[in-house]
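User: I would like to learn how to read the features of a protein model one at a time. Please give the general idea before each case.

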Amino acid sequence: MSSTSGIRSVLAAGRPWLAVLALSCAVAKAAPDNIDVLLKRADSIKAANQVEFIRNLRQLEGRSSELSPAQAEYLRYLEAWQYGYSGDYKDAIPQLDAIIANSKDVTLRFRASVSIINILEIDSHNEEGYERLSQLVDMLPQVPDPGTRLLGVAVAAQLYNFAGQYDLALSYADKLIAAPKEYSMTCKGHWFRIDSLFRSGKLSWPSEDISSAIAACANVNEPITANLIRVDIAKLDLAQGRYADAIALLNDNYEVAGKTRYPFLISSFDSVLGLAYLQTGDLEKAQTYAQRAVENGADKGYTQAQADAYEALYKIAVKHGDYQAALGYHEKYAAADKGYLNDTSARALAYQMVKQQVQEKKAQVDALNKQNQVLTLKQTVNRKNMIAVELGVALLLVVLGSIGMYAYRTKKSQLKFRKLARRDGLTEIFNRQYFVEVAEQELEYCRKSVRDVSVVAIDLDHFKLINDNHGHAAGDFALKRAVVACQKHLRSVDVFGRLGGEEFGIMMPDCVPERAIDIAEKMRQEIASLKGTEGEPDFEVTASFGVTAARWSGYNLLQLLAQADSALYQAKREGRNRVVAIAGPPAANSGAPAADVSDWRRALT
C-alpha cells in the first residue's frame, strides 16, 4: 500500500469510537444525579453527540428548581448555544448577550462571546462579528482558564481565514496545535491550518500537513472538525481530477457527518459529491446530492456549497437537454455565486474596516493620553512658572499640529499614488500592470473551482489616422468614448484594462465563450454607433475584437492573451470592425504575426 492510500484509509476510518467509549466510561462512574456533572457532561458532548446533549438539556430543565444561580446561568448558556447550533439565531443572540452583560463569571462571559461571534459570522453580520472579535482578542489575557482562552484563539483563526488573512490565521492555528493535549485543540488547530493552506492555494496532496491533521483527529471524538478537514481534502481531489478518491472519502464518512446535524457540514458534503459524480458521468447521483445540498443549505444565506450545487444542477439539466430547467438553475447559480463572492468580499472589507477603526481609536486614546500628560505637566509647572508652561504648551501644540498636517498630507499622497499606480490616467480603467495582477488572481480562482473564463482583446481601428487627421486630443477623446461604450456591457466581476495605446483587454470570470462573443458584439456595435455631441469632435470610430476562453487555451494568462490577440489580428485582416473567436493554440493560426506572443509576454513582465 502506498503512503497516499494509507493516509486516505486512516482518514476514512476516523475511529471516533475510542474517545466515545472512554467518555462513556468516565460518565458512568460519575454520580448521575449530580447537577454539576450533568452540566459538564452536556457541555463536553454538545457538538459530538447532539441526541445525548439535547436529552441532558431536557433533564436539567426538568430540575430547574434545584439549580443554583451559577448553575442556572450555565444552563442558559448551553441552551443559547443549542439555539445557535440549530440556526435559531433570533433566540440565541439575546440570551448570549444577556450572559455577557450580567454574568460575574469571566470564563462564561468569554465563552458566550465566542458563541455569538460564530453566529454573527454565519449570519453575515460581518462588521459586528469582527468588532466583537477584536474585543475578544483583547480579553484573552484576562481569562483565567487556559482551555477557554484556546476557544478564543480558535474563533480568531476561523474568522481570519474567512477574511483572507491567511498568515494571521496560520499563526493562531499553530497556537492551537502547540497547546497541551488535555485541552483537545490539536485537531481543530490542524483543520484551521489546512483550511488556510487550501484557501490560499498552498495545500497539496499528499502533504505533511494533511498527515498531521489525520493523526491529530483520528482518535478524538470531533466528528465536525474531522469531516470539515475531509471536505477540504475532497475539494483538493476534485480540483486535481481525483474524482473517485473524493467520492470514496466523503461516502465513507457521510453517515457520521449526517449525525452531527450541522447544516453547513452536511450541505458541503452533498455539494462536493454532486460535483464529483457529475465529473464521473453519474448524472442521477450528481442530481440527488446537488439537490440535497440546496435543501440542506436553505435559509442559511449564500454559501459556496449552495453555489456549487446550483452549478451542478445547471450542467446536469444541459446534459439532459432540459434547457428551460437549465436556465432556471443557472440564474440561481449566478445569484448564489455572486452572493457568496460578495459575502466573502464583505468579510474581508469588514475586517479591514474594523482594523482601521481599532487603529483610529488607539490613536485617539494615545492622543488623549498625551493630552493628559501635557495637562498634568502644565499643572505641575504652573505653580513654579506660569509663563514657561504657556510657552511650552504653545510649542507642543505647534509641533502636534505640524505632525497632524504632515500625517494628513502623507495619507492624501498615498491614496493619490495608489490610484495612479493602478489606474490608467486617461481612461481611469486598470493600467496594464494592475490588470495583469488582478487577472492572474481571478484566473487562479477559476482554475481551482473549474470555472469558465473568457478573454477579449480590443483594438481601435485606424487609430493613427484619427490622431493624424484630428489631433491627439481627438484620439484621447475617442479612447475615452470607446471605454465608456464597453463599460455599459460589463459585469461588476469583469476585469477591464488598457494594455497599450489603443489596445484593451477584458477578462470575464465565469463566462462561457458564447456569452463573451455576444457581449463583444454589443460593444462593437456600441462603439460603431458613437456620434459626437454639440461642442465635441465628430468622426467615425470602430474597433476589432478577438475572443478566446480557458476551455480552449487553458488557465494561463500569457496563452489566453496571445490567443485573443491572434483572433484580433484575424479580425483586422478580415476587414476590421468585427468580432472573431479562435479556439486552439496561437500557433494554429497561420496568419498571426510571430511577434504577437512576445508582445503579450512583454506585457506580463
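User: Are Cys-187 and Cys-217 buried or exposed?

Analyst: Some ground rules come with the answer. This is a predicted model, in which local features need pLDDT of at least 70 and side-chain atom pairs count only at pLDDT 80 or more, while totals for chains, interfaces and linings use all residues. Residues are numbered from 1 along each chain as its sequence is written, and side-chain values use heavy atoms, with hydrogens and water left out. Buried means under 20% relative accessible area, exposed over 50%, and partly exposed in between (1.4 Å probe, protein chains only). Cys-187 is buried, and Cys-217 is buried too.

User: What joins Cys-187 to Cys-217?

Analyst: A disulfide is a covalent bond between the sulfur atoms of two cysteines. The cut-off used here is a pair of cysteine sulfur atoms within 2.5 Å. By this rule the count is one disulfide. A disulfide joins Cys-187 to Cys-217, with an S to S distance of 1.9 Å. The torsion about the S-S bond of Cys-187 and Cys-217 is about 105 degrees, so this disulfide is right-handed. The pair links distant parts of the chain, 30 residues apart: Cys-187 sits in helix α11 (residues 186–199) and Cys-217 in helix α12 (residues 208–217). Two further cysteines can be read for burial: Cys-446 is buried at 2% relative accessibility, and Cys-511 is buried at 3%.

User: How many helices and strands does the chain have?

Analyst: Helices (H or I, at least four residues) and strands (E, at least two) are DSSP runs, numbered from the N terminus. The chain has 27 helices and five strands. Of its 605 residues, 44% are buried.

User: In what order do the strands of the sheet lie?

Analyst: Strands of a sheet pair through backbone hydrogen bonds, either parallel or antiparallel. Here two strands pair if DSSP finds at least two bridges between them. The five strands form an open sheet in the order β2-β3-β1-β4-β5, with mixed pairing. Strands β2 (495–498) and β5 (579–581) are at the edges, each with a single partner strand, so one side of each has no neighbour in the sheet. From one strand to the next, the twist averages 15 degrees.

User: Which strands run antiparallel to β1, and over how many bridges?

Analyst: β1 and β3 run antiparallel and are joined by seven bridges; in this pair, Ile-458 stands opposite Phe-504 in β3. β1 and β4 are also antiparallel, over seven bridges, and Ala-457 stands opposite Gly-546 in β4. The parallel case is β4 (residues 543–549) with β5, over three bridges. There, Phe-545 stands opposite Val-579 in β5.

User: Which helices pack on the sheet?

Analyst: Packing is read from contacts, meaning heavy atoms within 4.5 Å. For directions, axes are lines fitted to C-alpha atoms, for helices over the stretch in contact, and angles run from 0 to 180 degrees between N-to-C directions. Helix α21 (residues 432–448) packs on the sheet and touches β1 (453–460), β2 and β3 (503–509); its direction makes about 20 degrees with that of β3. Helix α26 (residues 557–573) also packs on the sheet, touching β1, β3, β4 and β5, and its direction makes about 140 degrees with that of β4.

User: How many residues of β1 are buried?

Analyst: Eight of the eight residues in β1 are buried. Both faces are covered, with Val-453, Val-455, Ala-457 and Asp-459 on one side and Ser-454, Val-456, Ile-458 and Leu-460 on the other.

User: What does the side chain of Ser-103 reach?

Analyst: A polar contact is a pair of N or O atoms within 3.5 Å; within protein, one must be able to donate a hydrogen and the other to accept it, and residues adjacent in sequence count only if both atoms are side-chain atoms. Ser-103 is in the loop between α6 (89–102) and α7 (106–122), and is buried at 4% relative accessibility. Its side chain makes a polar contact with the side chain of Glu-73 (2.9 Å) and reaches the backbone nitrogen of Asp-105 at 3.1 Å.

User: Which residue's side chain is joined to that of Thr-148 by a polar contact?

Analyst: The partner is Asp-145, at 2.6 Å. Thr-148 lies in helix α9 (residues 146–162) and is buried at 4% relative accessibility.
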